[in-house]
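Trainee: Before I use these labels, I want to see what stands behind them. Can we go through them one at a time?

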Amino acid sequence: MQSRLRGEAPQSGPDATEITRSPSEREVSLATTFGDEEFGLSYTSNERFDGSPDFALPALLLPAMKLGAPLTLPGGVSRRLLASAGQVQDVFNMWESIFGKIEVRPGEPSPRAATAPPASGVGCVFGGGVDSFHTLMRHNEEITHLLYLHLDTDDPQVRERAERRVREVARLTGKALIEVDTNLRQVYREWRISWKFGHGPWIASAALLLQNLLGKVYVPGSTTSNYDNLRPQGTHPILDPLWSTERLAFHHDGCEVRRVVKAEEISSWDVAMEWLQVCNHGQGGGNCGRCPKCLRTMVNLQAAGTLERCRTLPHEIDLDAVRSLDLSEYSESYFARENLRALESSGRNEALAAALRAALDRGAAIIAHSGYKEERLEHRLKKHLRDIERLQGRIERLHERNRSLRERNGSLQERARKLRERNQRLSSAFSGRERLRYALADGIVERVRRLPGSGRALKLAVRLLQKGEKRSP
Ligand SMILES: [Zn+2]
């Protein structure tokens with residue numbers, strides 16, 4: 001699939017009219033066209049999928065907005081979901097102007113209200129990190145299903161370990177596990193849609209395929225959706241509920257709880273301490289214990305005084321690694337400041353607090369020095385992208401011109417060849433003696449023309465000849 005050049009007005013946007021379901025109803029595919037391009041989205045699960053086409057809206061909205069082309073949906077999409085599509089677009093458009101507002105065309109048959117009451121199941125989107133465990137723990141009574149979306153990885157070890165972990169957590173907590181595998185992430189990659197935004201619609205589309213089982217889905221919030229730190233990103237307390245239909249309600253959970261508090265709360269839960277996973281860069285796809293995400297979680301637990309309870313992370317924190325953390329990026333420094341406050345108020349861990357302060361000071365110095373460096377870089381990057389797209393358009397036009405010039409060159413060569421042949425035919429039509437006679441006659445005429453008064457005499461002779469020719473039959 002080729003991404004369209006921006007600036008060209010696309011004739012047609014994603015036209016999603018063909019949904020195919022396997023007889024087992026555990027596989028669903030959606031054939032889509034963008035102008036001449038065709039491609040397919042696929043979803044598979046261990047559970048039967050719902051029969052509604054609602055999932056197509058979140059899956060295709062961002063690509064259509066990026067193209068700036070109308071989105072044609074399959075018939076029968078939820079009326080409530082369709083009504084929210086405008087607000088979803090407002091949010092994405094304000095976050096990132098690359099997502100233009102577009103027309104969403106409901107297909108035939110017309111949009112429908114609920115055809116069945118909401119299912120009784122309550123799902124929790126579960127990845128196995130601090131936020132997932134926190135949402136699962138505090139809504140444990142209510143949650144009946146874990147919804148796990150398979151990792152997009154080529155490493156079978158990482159994939160297998162992640163699967164084993166969620167299956168084990170589901171077993172230990174007595175929840176039904178729904179696993180969904182989809183190629184949506186790869187498709188977004190090809191469309192160059194940032195995963196920062198794409199992961200929300202990815203979750204929404206998978207959950208909407210499970211409305212036959214789930215009437216409510218909790219989407220665990222992260223630190224970047226804390227109420228004092230709301231950042232533009234795909235899962236968001238404003239955005240997630242907008243994917244709701246008459247049958248399925250999305251709840252973004254945990255915006256009021258800081259990560260350090262979440263870590264403290266889940267550290268009292270054996271299941272979480274046995275299976276917590278925040279990265280997969282370690283041996284066999286486990287926590288590495290060294291990356292910023294691992295260190296951040298270890299400091300969270302250390303501040304709570306419960307790091308030694310966690311069986312998936314090292315119990316020793318490398319202070320040099322903490323000191324050299326890059327905290328020049330806003331989110332990372334937010335995590336670190338939160339951790340520092342917790343360490344300081346714990347009254348323990350002075351050496352760890354000092355290491356974190358050193359990293360924060362260095363990060364602040366970098367930010368102060370670079371000023372609005374990130375913003376400027378983003379601005380320049382966007383300009384370069386626009387230039388590239390313009391150049392691509394120019395290259396295509398040059399190719400076209402080159403092609404028509406080649407065609408013209410070919411026809412001119414053909415014409416020259418025919419003229420050469422004719423010339424050859426004419427010159428071979430005269431014998432050597434005839435050529436000599438013509439040359440002699442030319443010579444005589446030339447000499448006569450040089451005589452005074454011969455020009456007029458010749459013209460007169462020509463006129464007399466022409467008259468003679470006209471008279472003769
Ligand atoms: Zn790690």
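Mentor: Start with the domains. The centres of domain 1 and domain 2, taken over C-alpha atoms, are 49 Å apart. Domain 1 covers 287–370 and domain 2 covers 372–416. Those bounds come from an automatic or database domain assignment. This is a predicted model: local features need pLDDT of at least 70, side-chain atom pairs count only at pLDDT 80 or more, and totals for chains, interfaces and linings use all residues. Residues are numbered from 1 along each chain as its sequence is written.

Trainee: Why are H1 and H6 called roughly antiparallel?

Mentor: Helix H1 (residues 56–67) and helix H6 (residues 195–208) pack at about 155°, with axes 7 Å apart. Angles under 35 degrees count as roughly parallel, over 145 as roughly antiparallel, 65 to 115 as roughly perpendicular and the rest as oblique. The pair is therefore roughly antiparallel. Axes are lines fitted to C-alpha atoms, for helices over the stretch in contact, and angles run from 0 to 180 degrees between N-to-C directions. Helices (H or I, at least four residues) and strands (E, at least two) are DSSP runs, numbered from the N terminus.

Trainee: Which residues of H1 and H6 meet?

Mentor: Pro58, Ala59, Leu61 and Leu62 in H1 meet Phe197, Gly198, Pro201, Ala204, Ser205 and Leu208 in H6. Contact needs C-beta atoms, placed from the backbone, within 7 Å. By class, there are 8 nonpolar, 2 polar and no charged residues.

Trainee: What makes Arg192 exposed?

Mentor: Its count is 11 other C-beta atoms within 10 Å. The cut-offs: buried at 20 or more, exposed at 12 or fewer, partly exposed in between, with C-beta atoms placed from the backbone. So Arg192 is exposed. It sits in the loop between helix H5 (184–190) and H6.

Trainee: What makes the buried residues of H7 line one face?

Mentor: Helix H7 (residues 259–266) has Arg259, Val260, Lys262, Ala263 and Ile266 buried. Seen down the axis, they fall within an arc of 160°, so they line one face. That arc is taken over the directions from the helix axis to the C-beta atoms. Their cover includes helix H3 (130–138) and helix H8 (270–275).

Notes:
Contact = placed C-beta atoms within 7 Å. Nonpolar A, V, L, I, M, F, W, Y, C, P; charged D, E, K, R; others polar.
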